[in-house]
Amino acid sequence: MHVMWYIDIALAVVQALITVLIIRNYASIGFKGLGKLLISLSIMLLIESLFMTTVYYVWAINDMGMLISLPALMITLFNVVAVFILYLISRM
């Protein structure tokens, strides 16, 4: 496995953890209107994070190289930044 895959998988796991924190913050809003929408969005992001972790692991085992892992790393990095911004918003 290439080192980039370890970074990709770690970032996907970090994104999943941040998303769990977002769900926890939005659960306090309640399950009415906006609260339902925000919790649904957070659950979709959590599913995406878990799916990304699985796909990256499968790609790493199949010896996909830098041509796949580097663009995947950039996409994952942007996802983590976006989810972190959502986390900061959820704390307001």
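**Ground rules.** I number residues from 1 along each chain as its sequence is written. Because the model is predicted, local features need pLDDT of at least 70 and side-chain atom pairs count only at pLDDT 80 or more, while totals for chains, interfaces and linings use all residues; side-chain values use heavy atoms, with hydrogens and water left out.

**Whole chain.** I looked up the elements first. The chain has three helices and zero strands. I took helices (H or I, at least four residues) and strands (E, at least two) as DSSP runs, numbered from the N terminus. The order from the N terminus is α-α-α. The C-alpha trace spans about 45 × 20 × 15 Å along its principal axes. Of the 92 residues, 36% are buried (under 20% relative accessible area, 1.4 Å probe, protein chains only). I then checked contacts (heavy atoms within 4.5 Å). Among those with a separation of 6 or more, 81% join residues 24 or more positions apart.

**H1 with H2.** I fitted axes to C-alpha atoms over the stretch in contact, with angles from 0 to 180 degrees between N-to-C directions. The H1 and H2 axes come within 9 Å and cross at roughly 165°. H1 and H2 are therefore roughly antiparallel (over 145 degrees). Their crossing is left-handed (the near helix is turned anticlockwise from the far one by less than a right angle). By class, this contact has 21 nonpolar, five polar and two charged residues. I counted Ala, Val, Leu, Ile, Met, Phe, Trp, Tyr, Cys and Pro as nonpolar, Asp, Glu, Lys and Arg as charged, and the others, Gly among them, as polar.

**H1 with H3.** H1 covers residues 3-27 and H3 residues 66-90. Their axes come within 9 Å and cross at roughly 20°. H1 and H3 are therefore roughly parallel (under 35 degrees). This crossing is left-handed. The contact residues divide into 22 nonpolar, seven polar and one charged.

I checked the length of H3. At 1.5 Å a residue, its 25 residues should span 36 Å, and the end C-alpha atoms are 35 Å apart, which agrees. The expected span is 1.5 Å times one less than the number of residues. Which residues of H3 are buried? I found Ser69, Ala72, Leu73, Thr76, Val80, Val83, Tyr87 and Ser90. An α-helix has 3.6 residues a turn, so residues three or four places apart point the same way. The buried residues of H3 pack against H1 and H2 (34-61).

Notes. Angles under 35 degrees count as roughly parallel, over 145 as roughly antiparallel, 65 to 115 as roughly perpendicular and the rest as oblique. Buried means under 20% relative accessible area, exposed over 50%, partly exposed in between (1.4 Å probe, protein chains only).
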